[in-house]
Amino acid sequence: MAWAKQGHEAAFRELVRRYERPVFSLLYRMVRDRALAEDLAQETFIKVLNGIKSYRPEFKFSSWIFKIANNAAIDHLRKRSLDTLSIDGSPTAETPLQGVENRELGTAIEHAIARLRPEYRACILLRHVEGYSYEEIADTLDLPLGTVKTYIHRARNELRSYLEDRRE
C-alpha cells in the first residue's frame, strides 16, 4: 500500500488483483446484479486510486476499501429500488433431494437478505459472509459499535421472520 501511495503503478495493480474478488463479492451480494456489481467495483477502485493519498496507514486497507465499496452500493441502492435475483450457490448435498432443498433454502436466504434495509444488509454480509468482527464492521462502515450490534440484531430478527415459513 505504501508503494501504491507513492505512485507505483505495479503496486496499485497488485492491490487491485488482491481485492477485486472480495470487493466484487461484497458488491454482488449487496446489489444482486453481476454487471452492476462489476461497474460498482470499477467505481470503487477508481475512488481508491483517486483517494489513495488520503489513505491513513493506521487503518487496515481492507476496511478502507470495503467502506468505499459499501458506500458505493448503498448510494446506488438509495437511488433506485432493487429487484431481487436468486443465485446458484448452496452447499453440496448427499442426495439429489437434499441438494434441491439446500438450493431452495439458499435462495430463500438470499431473497430475505435482499429485502433488508441496505444498512442492515451491509452489516449482515460483512459479519456472516466476510467474517468481520463487530469492531471491524464499525470501522468499515464508520458507525458506532452499538449501532452495528443493533443493526445486526434487527437484521437477524427480520431474517428470522422472513424465513419463518421455512421451519419444519
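Biologist: Hi! Before we dig in, what should I know about the model and the numbering?

Modeller: Residues are numbered from 1 along each chain as its sequence is written, and side-chain values use heavy atoms, with hydrogens and water left out. The model is predicted: local features need pLDDT of at least 70 and side-chain atom pairs count only at pLDDT 80 or more, while totals for chains, interfaces and linings use all residues.

Biologist: Good. How many helices and strands does the protein have?

Modeller: There are eight helices and zero strands. Those are DSSP runs, with helices being H or I of at least four residues and strands E of at least two, numbered from the N terminus. Written in order from the N terminus, the elements read α-α-α-α-α-α-α-α.

Biologist: And what share of the residues is buried?

Modeller: Of the 168 residues, 39% count as buried. Buried means under 20% relative accessible area, exposed means over 50%, and partly exposed is in between (1.4 Å probe, protein chains only).

Biologist: What about the surface as a whole?

Modeller: The accessible surface comes to about 10,200 Å², and 49% of that belongs to carbon and sulfur atoms. Those areas come from the Shrake-Rupley method with a 1.4 Å probe, and for residues only the protein chains shown count as cover.

Biologist: What share of the contacts links residues 24 or more positions apart?

Modeller: Among contacts with a separation of 6 or more, 64% are of that kind. Contact here means heavy atoms within 4.5 Å.

Biologist: Let's talk about H7. Which of its residues are buried?

Modeller: H7 covers residues 134-141, and its buried residues are Ile137, Ala138, Thr140 and Leu141. They sit on the same side of H7, because they cover an arc of only 165° around the axis. That arc is taken from the directions from the helix axis to the C-beta atoms.

Biologist: Why would residues three or four places apart point the same way?

Modeller: An α-helix has 3.6 residues a turn, so residues at that spacing point the same way.

Biologist: Nice. What do the buried residues of H7 pack against?

Modeller: They pack against helix H4 (61-79), helix H6 (118-128) and helix H8 (145-162).

Biologist: Switching topic: how much space lies in the largest pocket?

Modeller: About 280 Å³. The search uses a 1 Å grid over the protein atoms alone: a pocket is an open set of points where a 1.4 Å probe fits, with protein on both sides within 12 Å along at least five of seven lines, and lining residues have an atom within 4 Å of a point. Grid points are joined across faces, edges and corners, and the volume is the space filled by probe spheres set on the points.

Biologist: Which residues lie nearest its centre?

Modeller: Of the 13 lining residues, Arg56, Phe59, Trp64, Lys67 and Asp139 lie nearest the centre. H4 and H7 are the elements that give two or more residues to the lining, and H4 gives the most, with five.

Biologist: How does that lining split by class?

Modeller: It has four nonpolar, four polar and five charged residues. Ala, Val, Leu, Ile, Met, Phe, Trp, Tyr, Cys and Pro count as nonpolar, Asp, Glu, Lys and Arg as charged, and the others, Gly among them, as polar.
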